[in-house]
Amino acid sequence: MKMKLGDDLHEVKIIARRPHLVVSIDGRHHTIDDPGRECDGPGTLVLDGAAVSFARVSSGGSVLLHLDGRAIAVEVIDPLDEAEGSGHGRDEILAPMPGAVVQVHKAAGAAVTRGEAVLTIESMKLQTTLVAPRAGTLLAVLKGAGDTFEKDEVVARLAPVEGDQ
Amino acid sequence: MRAIRSMIDTGSADFRRHAAHNRELVARFRERQEAARHNRPQRDLDRLERQGKMRPRERIEKLLDPGTPFLELSSLAANMAYDGDAPSASSITGIGVVSGREVVIRADDPTVKGGAWYPLTTKKIVRALDIAMENRLPVVHLCDSAGGFLQLQSQVFPDKYMAGRIFRNQSLLSRQGVKQLALVFGHCTAGGAYIPGLSDYSVIVRGTGAVFLGGPPLVKAATGEEVTVEELGGADMHTSVSGTCDYPAASEDQAIHMGREIVAQWDRAPKWACQRETPEPPLYDPQEIYGIVPDDIKKQFDMREIIARIVDGSRFHEYQPAYGTTLICGYANIWGFKVGILANNGVLFNDSSLKGAHFIELCNQNNTPLVFLQNITGYMIGREYERRGITKDGAKMIMAQSCSRVPKFTVMCNGSFGAGNYGMCGRAFDSRFLFTWPNHQIGVMGGDQAANTLAEVKANQLRRDGADVDAAVLERVWEDTRAAYQEQLSAYYSTSEIWDDGIIDPLDTRNALGIAISASLNAPLGDPGYGVFRF
């Protein structure tokens, strides 16, 4: 699991949960006794035998920790987001259902941001906008207005990210 | 549980256009709702004042516990019927808290034709009592009705789900051990007399309250006997001679006070233990719903964005996120209550139908109430899908859904077309509550498709009759057909006919569901029929 403290990214792994919680932070093992409850407010945990006091506030999607007189924003990088492959391997835009293209928003060669509209299709009385799965450059838009396609057919392709295998 | 990460750009032109469109829809809805609640002919209000009576909404306000919410149901019932003569179907129903107990409140509205029951009035009352039965909620009746609306008696009186059903439901409620109290402020004539008659407790106001099977004019016509209202069915006669009513009250205020005291005596059956967490507001601002729902029923939107603005902390545990992706399934909390949500993100395919059926079974196994968020144009059609058994797979979803033992709730967030309405727990499938957004449309097919079909039929008729059907004629036929069909697709028509429990402002969805879920937990869960089939 990856965790961001302020601007710094750390790799955190749980090595053991019993008899003591042992975590590896950036490759170094630490033992935590009495990790307390996961809730807002002041708390204490015992890290490698030394007591550490902190205060925790969750606001919006992030957590703020107050520690040693400093406030630190903590963000946990969701492993499921990583599994979705936010940077690599999602080069194709697939048709979610059979239908026809209503409008082409971006041509081949255009730069797109994640979530930006590429094509609008219509199927079963429903217009759906197909968006870029990630930021990048459009390598090809394979269907024009009025063209039909089958479910799961590739309708547009992003240029592969450099260094992607 | 992970929070949904919104992809919405709240600064985009689309967002702003949608927000303006939906705010306009909600403003128009509020206007119509205010009019239905308060606009009455002055002479009716004057008459009420002369009689020393409160308006029905004042009675309800005095009955409810201070600071508690009242979930009014079907406030725009009959808004498109009877030339608008029966606002709210001349009846007020809702869920509220009286002496610390969740109850159904059902009030006649004497400011509309003396509180006479129109056909849709009886439908609304029967529905309120169905809600009481399904959720085991006690009922407080606020009686003040002239009786059935005679001009339309054939639609009020004889059939299975008409007036008789009210009294049948009252009887079955009592057998279930669900209490009923009648506060008699005005007349309870003919069938209406059975409302206090079949209630477990009744209070009657001296001077204005009266209960009789036939009023003085009918008695005179039938037997020649001349008798006053007080002698025939007044408070003192019924509480000291006939025993039809239990407590006399000197005023409406006193009757309401007495009513609250009576409700305070009732036992409270324990609710079943739905899994609960500490409630917290959604992470994302629910106001953003206005900018997410498009200004055209044909345009698709990501229902996750709606879920993120309804559920606690915007947290959602999505089940099978990569399978059957046109139906979103997953667990979330609403006002702390654990629910299983099924939301449409496109047409239902074979895999999405199977996923839905499976998830419904998981929720039944887990004692988790189900929330259906509808935006559905139907199950996928075409040769390929029929060959894969789309009908068979849709049938599994309908079977799992229909036979659920956990409470179900439905919100019509946008379109509800074709058989998708069935799988997603439409009105016929006994949702404990079904709410509708003002942008909602419902029909066996969309407006354009219906207009195409119907206009073609009509043009052929005209041609057979020897008429010259040119493009202009066709266009007019199409427009007329579409306009007529479109009116019946609208949320206002739907709510007028009581195909729902009321239109709500999308912002109120979370609160309405919270009250509804809490109310539903009063009824015990049935036994599970099967384990979980993995289809």
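Modeller: Let's start with B:Asp501, which counts as buried, with a relative accessibility of 2%; buried means under 20% relative accessible area, exposed over 50% and partly exposed in between, with a 1.4 Å probe and protein chains only. A word on ground rules: this is a predicted model, where local features need pLDDT of at least 70, side-chain atom pairs count only at pLDDT 80 or more, and totals for chains, interfaces and linings use all residues, while side-chain values use heavy atoms, leaving out hydrogens and water. Residues are numbered from 1 along each chain as its sequence is written, with chains lettered from A and ligands numbered from 1 in the order in which they are written.

B:Asp501 sits in the loop that runs between α19 (491-496) and α20 (509-520) of chain B. Helices here are DSSP runs of H or I with at least four residues, strands are runs of E with at least two, and both are numbered from the N terminus. Leaving aside residues up to four places away in sequence, B:Asp501 touches B:Leu73, B:Ser74, B:Arg127, B:Ile131, B:Arg427, B:Arg432, B:Phe433, B:Leu434 and B:Phe435, where a contact means heavy atoms within 4.5 Å. Follow B:Leu73 in your viewer: its C-alpha atom is 5.2 Å from that of B:Asp501, although the two residues are 428 residues apart along the chain.

Of its contacts with a separation of 6 or more, 76% are between residues 24 or more positions apart. Chain B contains 20 helices and 15 strands. With a radius of gyration of 25 Å, close to the 24 Å that the globule rule gives for 535 residues, chain B is as compact as a globular protein of that length; the radius is taken over C-alpha atoms, and the rule is 2.2 Å times the number of residues to the power 0.38. Along the principal axes, the C-alpha atoms of chain B fill a box of roughly 75 × 70 × 45 Å.

B:Ser352 is another buried residue, at 0% relative accessibility. Its place is in helix α13 (residues 350-365) of chain B. Beyond residues up to four places away in sequence, B:Ser352 touches B:Gly324, B:Thr326, B:Leu327 and B:Val347.

Helices can also show a buried side, and α2 (residues 42-50) of chain B is worth a look: its buried residues are B:Asp44, B:Leu45 and B:Leu48. These residues cover an arc of only 100 degrees around the axis, which puts them on the same side of α2(B); the arc is that of the directions from the helix axis to the C-beta atoms. B:Gln42, B:Arg43, B:Glu49 and B:Arg50 are exposed on the other side of α2(B). Just after α2(B) comes B:Gly52, with a positive phi of about 70 degrees.

Helix α9 (residues 235-242) of chain B has B:Ala235, B:Met237 and B:His238 as its buried residues. They pack against β6 (201-205), β7 (210-212) and α8 (229-233) of chain B. Just after α9(B), B:Gly243 takes a positive phi of about 70 degrees.

On a 1 Å grid over the protein atoms alone, a cavity is a set of points where a 1.4 Å probe fits but cannot get out, and lining residues have an atom within 4 Å of a point. The count comes to one cavity of 30 Å³ or more. The largest cavity has a volume of about 50 Å³, a volume being the space filled by probe spheres set on the grid points, which are joined across faces, edges and corners. Its lining consists of B:Asn22, B:Val26, B:Ile289, B:Tyr290, B:Val293, B:Trp437, B:Pro438, B:Asn439 and B:Pro506. At least two of the lining residues come from each of α1 (13-38) and α11 (289-292) of chain B.

Finally, chain A has some backbone details to click on. A cis peptide bond, with omega about -5 degrees, joins A:Arg18 and A:Pro19, and A:Pro19 is in the loop between β2 (8-16) and β3 (21-25) of chain A. A:Met124 is not a glycine, yet has a positive phi of about 50 degrees. This residue lies in the loop between β12 (117-123) and β13 (126-131) of chain A and counts as buried at 15% relative accessibility.

Definitions and conventions. 1 Å grid on protein atoms, 1.4 Å probe; cavity = no way out; pocket = protein on both sides within 12 Å on 5 of 7 lines; lining within 4 Å.
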